[in-house]
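Visitor: I would like a quick tour of this model. Could you take my questions one at a time?

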Amino acid sequence: MNHSEKFIRSLKVNNIEALRRIPKADLHNHFYLGGNKEYIYKKTGKKIPSLNYKLNSMDEMHSWVNKNIGNVFEGKKGRILALEASFAQAIHDGITILEIGEDIWANGYFYDNNVEELLNVFNSIHNMIAANIDLRLQIGLSRHCKIKDLEEWIEPFWDYDCFYSIDLYGDEMAQPIERFKGIYRKAKEKGLILKAHVGEWGDADSVKRAVSELELDEVQHGISASQSQQVMNWLSDHNIQLNVCPTSNVMLGRVESIAKHPIRKLFDNGIKVTINSDDVLIFNSPVSEEYIKLFQGGVFTATELDIIRLNGLN
Ligand SMILES: [Zn+2]
């Protein structure tokens, strides 16, 4: 049996162990909260509980994190632990392509403003824990930071050609998307894949606006595009990929349930979608489990989910 046949069969017989062994991508993963609980427990004795109620805002999410994860990832040592745990989680879930990266503000905090040191940390942990995983290194920007600061912090990153993509995250409403244009033009010049979080809290038009202003290749979330036929057609015509995290959307109250998730509508309108984990330590739903939920929720057939799995790997 090839991977596709095994994947389809594992979904149909609900075999999570077998599903974990099939190659998958995770293209929307914030490594800092993407770690394996077991790994963290073994290293620190800290047990992180599961979130068992829906959150209503990013503020509630941050309070939950403060209360339940606390200071386990504090300082450089904590940062390294978070990174190790995220690779351990990827291995556990059979992730073969992992797209993660560091926030550029963190370069000053944890790596002495030295991109070389940041790369050493990422590469050594990658080699130590998950050498077989294809690591796609991302440059991360927070929407909360001043553009002037972001431009200054990102400057040393431009000298390296080992980065694969750039992503923008944080409160979607923090500042107008147009302000990030300069940084994204430069990133495009450098050949990076351009991504941004949009359309999780914002509306369909905000997705189209971000994609056209920043010339995005992919959107993290982008689910509100499903509210506009015109925007869905436009995304499909421009071959824009949406990296969706269904459980995150449900637990943050953006979507009522997995069964009602608009990923089905986006897929039916010809938009290339992938399925990803977002923050495993909060949402507790690794990529393999996302596939199972979408299958059992009647959102997709096993064959359709395999198409989506392959979208992520291609
Ligand atoms: Zn995210």
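Visitor: What is the accessible surface of the protein, and what share of that surface belongs to carbon and sulfur atoms?
Guide: This is a predicted model. Its accessible surface comes to about 13500 Å². The share that belongs to carbon and sulfur atoms is 47%.

Visitor: What percentage of the residues is buried?
Guide: Buried means under 20% relative accessible area. The protein has 314 residues. The buried ones make up 56%.

Visitor: How many helices and strands are there, and why is the protein as compact as a globular protein of that length?
Guide: There are 16 helices and eight strands. For 314 residues the globule rule gives 20 Å. The radius of gyration is close to that value, so the protein is as compact as a globular protein of that length; the radius is 18 Å.

Visitor: Among contacts between residues at least 6 apart in sequence, what percentage joins residues at least 24 apart?
Guide: A contact means heavy atoms within 4.5 Å. Take the contacts between residues at least 6 apart in sequence. Of these, the share joining residues at least 24 apart is 73%.

Visitor: How far apart are the centres of the positive and negative side chains?
Guide: The protein has 36 positive side chains and 43 negative ones. The centres of the two sets lie apart by 5 Å.

Visitor: Now the strands. Which strands pair with E4, and in what sense?
Guide: Strand E3, residues 134–142, pairs with E4 over five bridges. Strand E5 pairs with E4 over two bridges. The sense of the E3 pairing is parallel, and the sense of the E5 pairing is also parallel.

Visitor: Which residues are the bridge partners of Ile-166?
Guide: Ile-166 belongs to E4, where it is the bridge partner of Ile-139. Ile-166 also has a bridge partner in E5, Leu-194.

Visitor: Why is E4 largely enclosed, and which residues point each way from E4?
Guide: Five of the five residues of E4 are buried, so the strand is largely enclosed by the rest of the structure. One way point Ser-165, Asp-167 and Tyr-169. The other way point Ile-166 and Leu-168.

Visitor: How many of the six residues of E5 are buried?
Guide: E5 covers residues 193–198. The strand is largely enclosed by the rest of the structure because its buried residues number five of the six.

Visitor: Where is His-221, and what is its phi?
Guide: His-221 is in strand E6, residues 218–221. At 1% relative accessibility, His-221 is buried. It is not a glycine, yet its phi is positive, at about 80 degrees.

Visitor: Which residues does Ser-248 touch, not counting residues up to four places away in sequence?
Guide: Ser-248 sits in helix H12, residues 246–251. Its relative accessibility is 1%, so Ser-248 is buried. It touches Glu-200, His-221, Asp-278 and Phe-283.

Visitor: Is Asn-284 buried or partly exposed?
Guide: Asn-284 lies in the loop between helix H14 and helix H15. Its phi is positive, about 60 degrees, although Asn-284 is not a glycine. The relative accessibility is 31%, so Asn-284 counts as partly exposed.

Visitor: Is Lys-46 buried or partly exposed?
Guide: Lys-46 is in the loop between helix H3 and H4. Among the residues it touches are Ile-40, Tyr-41 and Asn-68. With a relative accessible area of 27%, Lys-46 is partly exposed.

Visitor: And Asn-68: which residues is it in contact with, leaving aside neighbours within four places in sequence?
Guide: Asn-68 lies in helix H4, residues 58–68. At 12% relative accessibility, Asn-68 counts as buried. Its contacts are Lys-46, Ile-48 and Pro-49.

Visitor: How far apart in space are His-126 and Ile-95, C-alpha to C-alpha?
Guide: His-126 is in helix H7, residues 115–130. Its relative accessibility of 11% makes His-126 buried. Along the sequence His-126 and Ile-95 are 31 residues apart; in space the separation is 13 Å.

Terms used: Residues numbered from 1 in each chain as written. Predicted model: local features only at pLDDT ≥ 70, side-chain atom pairs only at ≥ 80, totals over all residues. Heavy atoms only, no water. Helix = DSSP H or I, 4+ residues; strand = E, 2+ residues; numbered from the N terminus. Rg over C-alpha atoms; globule rule 2.2 N^0.38 Å. Buried < 20%, exposed > 50% of the residue type's maximum accessible area, 1.4 Å probe, protein only. Areas by Shrake-Rupley, 256 points an atom, 1.4 Å probe, with all protein chains shown as cover. Lys, Arg positive; Asp, Glu negative; His and termini not counted. Charge placed at Lys NZ, Arg CZ, Asp CG, Glu CD. Pairing = 2+ DSSP bridges.
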